[in-house]
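User: I'd like a close look at one part of this model. Here it is.

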Amino acid sequence: MKTRDEALALDAADPLAPLRDQFAIPEGLIYLDGNSLGVMPKATPARVQQVVTQEWGVGLIGSWNSAGWMGLAPRIGDKIARLIGAGPGECVAADSTSVNLYKVLNAALSIARADAPQRTRIVSERSNFPTDLYIAEATAAERGFELVLADSPEGLPALLNERCAVLMLTHVNYANGRIHDMTALTQAAHAAGALTIWDLAHSAGALPLDLSGSGADFAIGCGYKYLNGGPGAPAFVWVAQRHAERFWQPLAGWMGHAAPFEFTPGYRPAPGIRRYLCGTPPVLGLAALECGVDTVLAAESLGGMAALRTKSLALTRAFTALVEERCAGHGLTLVSPRDDTQRGSQVCFAHATHGYPMVQALIARGVVGDFRAPDILRFGFTPLYLRFVDVWDAVERMRQMLHNEEWREARFNQRAAVT
C-alpha cells in the first residue's frame, strides 16, 4: 500500500466493508483504540432505551420473566462461546474480568490442592496485565500459594514443574500485542501437572480462538474491547466442562444457586457454568453487550473470525510499514512482533521520552490511540469498522504531527487520569 488511492482500492474490494455500517463513528475520526473501548453499535441506544422505557418503565419487575432478563447471562454467554471456540452452556456473561479471574483462580487452586498438595505456585509473566497480577498476588497470599513471574515468555517453560499449580496468562499481551501459543503452553502445563487460566481480553472478537481444541481449563475476558459492549460492560467466564462442577467458586451468590428463589439458607451450587454467576445480573449492561457481540457475529456469513483475522493482519502490516517509512527519524521503535502468527490486533511503538504527548497530539488531529506506561504508543485495529484508508490517513496525520513537533505544546504534556 504505497498510495492513498491504493488504500481506497483495497477498501472497495473488501468483503467485510459492509460491517462498518453497524457502528456510530464520529465524522472525521480515525479510531485506533478498539482494543481499549470499542465503538458504539448503532443498535445499542435503541436497545437500551427499550429496556429502560418499556421493559423497566412499563414491565417493571415482571420483566425478569416476560422480557427474559433472567436468561441474559447464559444467552449472551452462548453467543460469546461461538467466538472463542466453546460450546453452548459453557460460558456466561457476568461481573468484571477481575472478579471472574478471582472466581476461576480460586477454583483452579482448589482443584490443584486436592489433586497435588505440593503444588504451591501460580505462574505468570511480569508483563501480564496488572489487574491479573494483583488478583493473583492477593489470592496467593490468602490461600497460602506463591506467585512466581517469568521475566519473558521464553522463561515460562522452566517454571512449569512439579511445584506449579496454575499457569495464568493473558493470551495477547496488552502492552506489545504478542500472542502466546495457547495450545503449546496448555499442553506444557498439563504435562507438568498444572492447570491453565487464559485472559482473553485482547483476543475475544479479534482473532480466532479454540478453547476446547486447545485443552484449556479456564478462561475469562472483558466485553468492552473488541466485543463493543460499552464502557464497563459485563465480562465473561468459561470453564471446561470437566472442571465446571468440581468445586464451588468462592463468590457463592444467589444467582449461582441451583434454585435462587427457593430462598433456603444453605448454598447448593447450580450445575455447570451457572455456578460461576454471583449477584443480580446488570440488565442494562447486558443488553448493550449483546448488541456489541452481535456486531462480531454478523461476520459469520462473511467468513467469520478467520476473515476478520486476515483483514486485521493486513491492516496492522500496512500501519507498521507506513509508520516506519513515513515517520522515520522521530525515535519510534516497534515493540510489537513482526511475525503475523505472534501479533494480535494491535501495533505498539515505543518512544523513550515523549510517548504520552505524542499520543495526545495525535488525538487532537483526530486519530485516537492510547498510551501505556512507561513508553508505549498503542494502536488497536478492529477490522469490523476500520478501513485501509483510515490506516493511510492516520499515518499521514502522525507524520505531520511529528514533523511539526506538535507534541511539544504544554497542553499535550499534562497527564490526564486516563492515558
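At what angle do helix α5 and helix α6 pack, and how far apart are their axes?

Analyst: A quick word on the basis: this is a predicted model, where local features need pLDDT of at least 70 and side-chain atom pairs count only at pLDDT 80 or more, while totals for chains, interfaces and linings use all residues. Residues are numbered from 1 along each chain as its sequence is written, and side-chain values use heavy atoms, with hydrogens and water left out.

Now the pair itself. Helix α5 covers residues 97-115 and helix α6 residues 130-143, and they pack at an angle of about 40° with their axes 10 Å apart. That makes α5 oblique to α6; angles under 35 degrees would be roughly parallel, over 145 roughly antiparallel and 65 to 115 roughly perpendicular, with the rest oblique. The axes are lines fitted to C-alpha atoms over the stretch in contact, and angles run from 0 to 180 degrees between N-to-C directions. Helices here are DSSP runs of H or I, at least four residues, numbered from the N terminus.

As for handedness, the α5 and α6 crossing is right-handed, meaning the near helix is turned clockwise from the far one by less than a right angle.

Who touches whom? On the α5 side you'll find Ser 98, Leu 101, Tyr 102, Leu 105, Asn 106, Leu 109, Ser 110 and Arg 113, meeting Thr 131, Asp 132, Ile 135, Ala 136, Thr 139, Glu 142 and Arg 143 in α6; contact means heavy atoms within 4.5 Å. The residues of this contact split into six nonpolar, five polar and four charged. Ala, Val, Leu, Ile, Met, Phe, Trp, Tyr, Cys and Pro count as nonpolar, Asp, Glu, Lys and Arg as charged, and the others, Gly among them, as polar.

Elsewhere, strand β10 (residues 346-350; a strand is a DSSP run of E, at least two residues) has five of its five residues buried, that is, under 20% relative accessible area with a 1.4 Å probe, protein chains only.

Key
Buried < 20%, exposed > 50% of the residue type's maximum accessible area, 1.4 Å probe, protein only.
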